[in-house]
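Subject: Structure handover

Hello,

My notes on it follow below.

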Amino acid sequence: MPLIRLDEPTVRPKTPPRGFSLFALAFRPFYMLGAIWAMLAIPLWLAQYGGLFSLPTPGLYWHAHEMIFGFAAAIIVGFLFTAGQNWTGLATSTGKPLAVLALCWVAGRIAMLWGPSLITAIIDLAFLPLAAIALGRILWRAKSKRNYFTIAILLGLSLANLMFHLRLNEAGSDPMPALHTALTLIALLTTIIAGRIVPSFTANALRGIKQFKNTALNWGAIGFTAGAFILNLLEASAPLLGGVAALAAILQAVRCWGWNPWATRQTPLLWILHLAHAWIPIGLALLALAAFGLAPASLAWHAFAVGTVGGLILGMITRTALGHTGRLLKAGRIETAAYALVLIAAAIRVFGILLWPAQTRLLLDISGCCWTIAFALYLWRYAPMLWHPRIDGKSG
């Protein structure tokens with residue numbers, strides 16, 4: 001069963017589609033909201049970091065929380081709801097129920113600007129459990145056991161968010177481990193799903209391509225990656241954490257290379273997925289170096305967050321938006337520029353600061369600008385597609 005089916009258009013209307021279809025399928029509102037927040041939240045964080053104003057929630061915690069539970073969570077829910085309809089053949093939330101869920105997400109973003117409080121926590125915590133319940137009902141009815149793990153991920157993120165708010169409201173407590181737990185869950189979700197879709201999309205688009213895929217290698221890479229994340233959260237000894245993270249990096253690198261990324265060099269819609277996932281072994285290698293005090297651990301987390309999560313999200317929200325609005329699966333100059341910018345943002349945020357730590361402030365600004373422009377380009381190109389009906393006249 002495919003993770004998410006993308007049909008090529010069968011009907012070309014003589015006039016552009018008109019009307020309002022933002023709540024016709026979950027990818028529409030959540031891709032738009034996630035991209036808007038990606039474009040706005042980073043400049044807000046950089047302005048706060050530069051001392052232009054202060055946030056009620058400590059700036060670093062707000063920044064990390066909103067990138068994970070604001071931006072990434074919106075895209076994940078939009079993707080999973082849309083994929084869930086393909087997995088099961090049953091309709092996921094549309095119309096008013098979908099609008100209510102989207103408003104719940106918006107309320108969480110507004111609440112997080114108020115600062116730590118019980119009301120803020122309640123409002124912000126509502127979104128992910130409601131999404132898990134709505135998606136879980138569909139998967140349960142269809143007995144789609146293969147995809148139950150997605151509900152576990154959503155519930156795990158909910159618990160991590162709860163832990164964040166509990167620690168944020170407790171004097172002297174550090175909520176950063178909760179944020180690392182959430183990012184760990186998202187990174188695991190991306191590497192599991194990428195193992196399904198990246199080689200599959202590549203083989204479907206490039207007929208006759210040679211690929212190496214091995215089930216033991218696939219699960220070994222995922223398993224050791226999960227092990228490295230868990231050991232890091234448990235603050236395991238340097239030799240143990242460093243060794244497992246290094247082995248995970250090697251297995252992930254071999255796994256990625258087996259998908260034949262070089263063959264995709266002339267197909268932006270594919271190479272963005274390969275290059276974004278390549279940040280998984282890079283992040284694991286940095287995690288191994290950090291265990292021995294040879295690199296800051298924050299660089300590893302930003303490799304996962306900006307490179308893997310940011311890159312894969314941008315690649316998938318273009319691809320699935322094209323396919324599910326009835327358009328050809330082809331990236332143009334705007335998409336290619338956005339892909340390049342988000343990867344440049346990751347490289348500057350990670351390697352720039354690793355090599356030139358004295359220029360951290362400047363490099364953060366440059367990386368943030370690249371990220372912001374990337375998602376602004378996405379909105380410029382895709383907001384009309386998300387708002388208007390499919391061009392082939394089909395529903396969704």
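Which residues line the second largest cavity? They are Phe69, Arg109, Asp124, Leu125, Phe127, Leu128, Pro129, Ser158 and Asn161. A cavity here is a set of points on a 1 Å grid over the protein atoms alone where a 1.4 Å probe fits but cannot get out, and lining residues have an atom within 4 Å of a point. About 60 Å³ of space lies in this second largest cavity, a volume being the space filled by probe spheres set on the points, which are joined across faces, edges and corners. Helix H5 (127–142) gives the most to its lining, with 3 residues.

This is a predicted model, in which local features need pLDDT of at least 70 and side-chain atom pairs count only at pLDDT 80 or more, while totals for chains, interfaces and linings use all residues. Residues are numbered from 1 along each chain as its sequence is written, and side-chain values use heavy atoms, with hydrogens and water left out.

The average pLDDT (the predictor's confidence in each residue, from 0 to 100) is 92 for the protein. Over residues 1–14 pLDDT stays under 50. Where pLDDT is low, the predicted coordinates should not be read in detail.

The largest cavity holds about 240 Å³ of space. Its lining has 14 residues, with Phe79, Thr190, Ile193, Ile313 and Met316 nearest the centre. Helix H2 (59–88), H7 and helix H12 (297–324) each give two or more residues to that lining, and H7 gives the most, with 6.

Regards

Methods
Contact means heavy atoms within 4.5 Å. On a 1 Å grid over the protein atoms alone, a cavity is a set of points where a 1.4 Å probe fits but cannot get out, and a pocket is an open set with protein on both sides within 12 Å along at least five of seven lines; lining residues have an atom within 4 Å of a point. Helices (H or I, at least four residues) and strands (E, at least two) are DSSP runs, numbered from the N terminus.
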